[in-house]
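Subject: Structure handover

Hello,

Here is the structure I promised to pass on. Please open it first, then read my notes below.

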Amino acid sequence: MRSFLICIAGGLFLLSSCKKPEYQKIMHDPELYRVTVKKLNDIVLENNFPPVTASRNYVYANIAAYQVIAAGDPAHFRSLAGQIKHLPPTPKPSKDTTVDYQFASLLAFCFVGNAVTFPEGSMDQYVDGLKQKAKDAGMPDDLFEGSVNYANKVAKSIMKWSKGDNYLKTRSASKFTVKQQDGRWIPTPPMYAQALEAHWGEIRPMVLDSASQLIPPDPPAFDVKNKNGRFYLQALEVKNIVDSLTTEQKHQADFWDDNAFKLNVVGHASFATKKFSPGGHWMNITGTVTRAKKLDFNTTVSVYTETAIALFDGFINCWYLKYRSNYVRPETIITKYINADWRPYIQTPPFPEYSSGHAVISSAAAEVLTSKFGDNFAYTDSSEMEFGIAPLSFKSFREAAKSAAMSRVLGGIHFKNACVVGNEQGAEIGQLVVKKLQLKK
């Protein structure tokens, strides 16, 4: 009887010793990482970050988080140092330091997100909440301090590296000169805003050798006199599509609109409305997918990071092409040569037309996600519900990318050619990211 009780006691001891501490169950929950990414996404929205600069926020924050994970789990994850050829080795924790790598990963994400997001310190309150959550869950003091210190060390390293990407240099670069020439881009109503981020093609990419590495053929040359020519017919096609939109097509255009700052004009009054940028939308999709697949914390971080890299390089490549081609928007051609009273269904953004940024980055992200989950991963995207837009369901990520591309034609802000080409352009970028980067062993 005594030996039987000893066996029971021993079994109970083993069970209790194998049980995860409370702080691990809470801080290692991948949903907490998804919530943290969404928090940065919300701050980006609130502060009117345009799509290209938003992609910079996402990529550096996610890389900081991932580098922490790779340091803590080298058996399963490879550091990006060396894979991204200009990324130096990330600092290792001190030998006498204990680190909770998932907690440190969250903090590194926030520290970098805090530093690259304006106004600086926007995530301070959220970080305080994360720290309190860890303490309340019983994280030991030495582990807490070691994790905070290591997160800071990695964040500082990533921020130092980020300063070499030419971002600061482009802040003082010369303004884009609008050329009043046929076929060239000019500002469009109602904002008539100046060209957005005309020097973004000078930003250092992560995987591409240069912004000009993948350049598609030139768009149709300006020619409105030939009513049967490619240029005139593509403009007429956009007009006819917008003039006969179905309810479903309007939903598609609204769903992928992702206008970070839309100016609404009603009579003499004007007001702005905001949505997630295209990159922010794909960050939300990544969250939806990693949740559906029930990925663990570390793998969730890796998927977000690779997707963010594809988005970042996609924008750099596309913006280089946009200002290289300096191509006119459909709205300008249609109102000048076909119908002066015509307006697009969604608002034309302030930068050249060719190629479609949403088509490029959506396709790039879709290739990364397809490489992880296959080409038949059906899902429902409810990202836009907070803006009053009903969800859409897709049979695959590539189908979603094509939907995003076509939505720009339905919205009247792109010629179809720019969206077809952009979809192909983005796929090449995404495939290059998948080929060059091996995050998970």
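Helix α15 is largely enclosed by the rest of the structure, because 10 of its 14 residues are buried. Keep in mind that this is a predicted model.

The helix covers residues 397-410. From its first C-alpha to its last it reaches 20 Å, close to the 20 Å expected at 1.5 Å a residue.

Next, look at Ala 418. This residue sits in helix α16, which spans residues 416-436. Is Ala 418 buried or exposed? Its relative accessibility is 1%, so Ala 418 counts as buried; the cut-off is under 20%. What does Ala 418 touch, leaving aside its neighbours within four places in sequence? The contacts are Glu 353, Tyr 354, Ser 355 and Ser 356.

Thr 90 still counts as buried, because its relative accessibility is 11%. Neighbours within four places in sequence aside, Thr 90 is in contact with Gln 67 and Val 154.

Now the whole chain. The protein chain has 16 helices and 4 strands. Of its 441 residues, 55% are buried. A compact globule with 441 residues would have a radius of gyration near 22 Å, and the 24 Å of this chain agrees with that. The C-alpha atoms fill a box of roughly 100 × 45 × 45 Å along the principal axes.

Contacts across the sequence come next. Among contacts with a separation of 6 or more, 80% join residues 24 or more positions apart.

Last, surface and charge. The chain exposes about 19200 Å². Carbon and sulfur atoms supply 53% of that area. There are 51 positive side chains and 42 negative ones. The centres of the two sets lie 3 Å apart.

Best wishes

Technical notes:
Residues are numbered from 1 along each chain as its sequence is written. This is a predicted model: local features need pLDDT of at least 70, side-chain atom pairs count only at pLDDT 80 or more; totals for chains, interfaces and linings use all residues. Side-chain values use heavy atoms; hydrogens and water are left out. Helices (H or I, at least four residues) and strands (E, at least two) are DSSP runs, numbered from the N terminus. The radius of gyration is taken over C-alpha atoms; the globule rule is 2.2 Å times the number of residues to the power 0.38. Buried means under 20% relative accessible area, exposed over 50%, partly exposed in between (1.4 Å probe, protein chains only). Contact means heavy atoms within 4.5 Å. Accessible areas come from the Shrake-Rupley method with a 1.4 Å probe; for residues, only the protein chains shown count as cover. Lys and Arg count as positive and Asp and Glu as negative; His and the chain ends are not counted. The place of a charge is taken as NZ of Lys, CZ of Arg, CG of Asp or CD of Glu. The expected span of a helix is 1.5 Å times one less than its number of residues.
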